[in-house]
Amino acid sequence: MSTQAAAAVPQKTPLLQSRLGSFLAVVPLSIWVVNHLWDNLAAFQGAEAWQSSVTQYKHPYAQIATFLIVILPLLFHTGWGVVRLLSFRPNNAAYPYYSNLKYILQRAAGVALIFFLGAHMWLAFLHPRLVQGHAEPFADIAREMHFHPPTITVYVLGVLATAYHIANGLQGFAMGWGLLASERSMRRFEPWSIVIFLVLLAMGWGAIFALYRAGAAYG
Ligand code: HEM
């Protein structure tokens, strides 16, 4: 039994529910997040490029479809994650192994994501559209990133949590679905997991840097 499994209390979630929560975390959630980070790199090319990549939808229904395709799986996965979160007892002091550390960090990152995604979706997606009547303008997010330290701090930490949660989560997913069945294959996947983490981090922090740099012009 792995040290990761040793930290868990046996799951009582029905198989379909536990499989679905795991599957939706990758398809479509993780795929969408990677695409979203990529789109945000358009900030290096300025306001028009960023708005056309991130906030403009070619068709009015595309916005609703995206919202449903992202939000429903996110809500389901969050519920699934919280149930798992409540059913584990940390035993890192007794078993201070690397895999056990990753296990607890996955959960800490999940909790951080609840706060980060709640704030991010309200401030960058819902508030501009529902209260101001338009999508978030480049000038607003770039200005906040440059001149409002709490904003950039939350984004830097939120992207860190996201990159870790997805990179380590993919390893858990591959183990759970039998794609990494042996101890050896798990060990061989480890460097890939670190590469995925670093690439996601570079994409996210790169986009933040581009917004921060552009924000100086809107002071
Ligand atoms: C952008 C949003 C999110 C993405 C892309 C994402 C992605 C993933 C992925 C790929 C996994 C691995 C699935 C598996 O082990 O089969 C995972 C696991 C997990 N997620 Fe998320 N997640 C997100 C948000 C959240 C949130 C908000 C929570 C809230 C608690 C959460 C809690 C968890 C937990 C506890 C696990 C570990 C499950 C286990 O090892 O038993 N996730 N996530």
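Reader: Is asparagine 100 buried or exposed?

Author: This is a predicted model, in which local features need pLDDT of at least 70, side-chain atom pairs count only at pLDDT 80 or more, and totals for chains, interfaces and linings use all residues. Residues are numbered from 1 along each chain as its sequence is written. A residue is called buried if 20 or more other C-beta atoms, placed from the backbone, lie within 10 Å of its own, exposed if 12 or fewer do, and partly exposed in between. Because asparagine 100 has 20 other C-beta atoms within 10 Å, it is buried.

Reader: In which helix does asparagine 100 lie?

Author: Helices here are DSSP runs of H or I with at least four residues, strands are runs of E with at least two, and both are numbered from the N terminus. By that numbering, asparagine 100 belongs to helix α5.

Reader: How many helices and strands does the protein have, and how does its radius of gyration compare with the globule rule?

Author: The protein has eight helices and zero strands, and along the sequence the pattern reads α-α-α-α-α-α-α-α. The radius of gyration is taken over C-alpha atoms, and the globule rule is 2.2 Å times the number of residues to the power 0.38. For 219 residues the rule gives 17 Å, so the protein, close to that value, is as compact as a globular protein of that length, with a radius of gyration of 19 Å.

Reader: Which element gives the largest share of the shell around the ligand?

Author: The ligand is surrounded by 28 residues, and the closest are Ser22, Gly81, Gly110, Gly169 and Gly172; a residue counts as near if its C-beta atom, placed from the backbone, lies within 6 Å of the molecule. Two or more residues of this shell come from each of α2 (15-40), α4 (60-86), α5 (98-130) and α7 (149-176). The largest share, eight residues, comes from α7.

Reader: How many residues of that shell are charged?

Author: In this count Ala, Val, Leu, Ile, Met, Phe, Trp, Tyr, Cys and Pro are nonpolar, Asp, Glu, Lys and Arg are charged, and the others, Gly among them, are polar. The shell around the ligand then divides into 14 nonpolar residues, 12 polar ones and, as the charged group, two.

Reader: Against which elements do the buried residues of α8 pack?

Author: The buried residues of α8 include Ser193, Ile196, Leu200 and Met203. Two residues are in contact if their C-beta atoms, placed from the backbone, lie within 7 Å. The buried residues of α8 pack against α2, α6 (138-147) and α7.

Reader: Which residues does valine 159 touch?

Author: Valine 159 is found in helix α7 and is buried, because 22 other C-beta atoms lie within 10 Å. Leaving out residues up to four places away in sequence, valine 159 touches Leu201, Gly204, Trp205 and Ile208.

Reader: Is lysine 58 buried or exposed?

Author: Lysine 58 is placed in the loop between α3 and α4. Its C-alpha atom is 31 Å from that of histidine 165, which is 107 residues away in sequence. Because lysine 58 has 8 C-beta neighbours inside 10 Å, it counts as exposed.
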